[in-house]
Amino acid sequence: MPWQNNGGNGPWGGGGGSGGGPRNPWGGNDGGGSQPPNLDDLIRKGQERLRASMPGGGGSFIGLAIGAVVLLWLGVSSVYRVNADEVGVVLRFGEYVRQTGPGLNFKLPSPIETVMRPKVTAENFIEIGGGADGTGENLVLTGDQNIVDIAYTVRWKIKDAPDFLFRLANPESTIREVAESAMREAVSRTPLNAAIGQQRGQVSAAVQRRIQEVLDSYRSGVEVTGVFFKQVDPPEAVDQAFKDVSAAQQDAQRFTNQANAYRQQLVARAQGEAARFNAVYAQYKLAPAVTRKRIYLETMEDVLRGVDKVVVDANKSGVVPYLPLPEVQKRRAPAPASATPTE
């Protein structure tokens, strides 16, 4: 054994000397052979020295301190609060176990159970194309082989918190990619003029339905609340030419409307004259001589209304004098303006 004293010379240099027996490496002289230290005695002595170094004995103080720390840890990590717009998702060693509603809730202390609190009532926005928050120019091919620059907003919120948190690695990126794919699919079936004008609402509704279908197939836990267009214009490079074409189309439509209005006026006038002729003809069949005389007089009245007239009597020779009242009225000078009174 290495602890034995062989011939009085151990490994610690236990020579005889005047003191007698071999020297104990742990202190003191041992009449017999050297013995290994007792670990229990060493631990006990260390605890006694620690207690002696603390004021008033330290056993009870250490116990109270440890108990207080444990209680504080249990209180802080076992109680949590969920706000009204949130839902609590409890994980046990990283695995989903349950959901909790708003208010104070309890769980096992951390790190056994942890809580995630996503906001399920907040409406989120994803801007696509056309702005600082989008990706710039967003060119899409229409159904009649034209190209438009589209900018739109996708609104969404969380409808199933566990699916939203754990089914998709990056939910917002997935929603953006699905929205872009659905928009290109819908616009590819729509002509340019319809996509720019009257069918915007139909395209928006179709895109929203398609996005929701794809996200539901992924079990994403996302509800799409709306797709709203901000811009549907031709590309910037051909924008001026497109405006010129649009202006020409508007002018053509305006001229067409004016021609239709003039045609309707002529038709209405012709129909009125035809109705009046039919009425005169009905009277003519009842009394032809009277009707002819009446038509003659009305016609002469219209012809001679603005002409200077002279009356000639066929039964008498010469011209019948008459009082030229119209000439008198024409030659009469206008009355002079009244003079302004002076002070």
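Helix 6 hands over to Arg 219, a residue with a positive phi near 55°; helices here are DSSP runs of H or I with at least four residues, strands are E runs of at least two, and both are numbered from the N terminus. This is a predicted model, where local features need pLDDT of at least 70, side-chain atom pairs count only at pLDDT 80 or more, and totals for chains, interfaces and linings use all residues. Residues are numbered from 1 along each chain as its sequence is written, and side-chain values use heavy atoms, with hydrogens and water left out.

Back to Arg 219: it isn't a glycine, despite that phi, and it sits in the loop between helix 6 (200–217) and strand 9 (222–233). At 46% relative accessibility it is partly exposed, the class between buried (under 20% relative accessible area) and exposed (over 50%), using a 1.4 Å probe and protein chains only.

Now walk back into helix 6. Its buried residues are Val 203, Ser 204, Val 207, Ile 211, Gln 212, Val 214 and Leu 215. They cover an arc of only 165° around the axis, so they end up on the same side of helix 6; the arc is that of the directions from the helix axis to the C-beta atoms. That buried set packs against helix 4 (171–187) and strand 9, with contact meaning heavy atoms within 4.5 Å. On the face turned away, you'll find the exposed Gln 202, Arg 209 and Ser 217.

Phe 93 is another non-glycine with a positive phi, about 55°. Look for Phe 93 in the loop between strand 2 (88–92) and strand 3 (95–100), where it is exposed at 67% relative accessible area.
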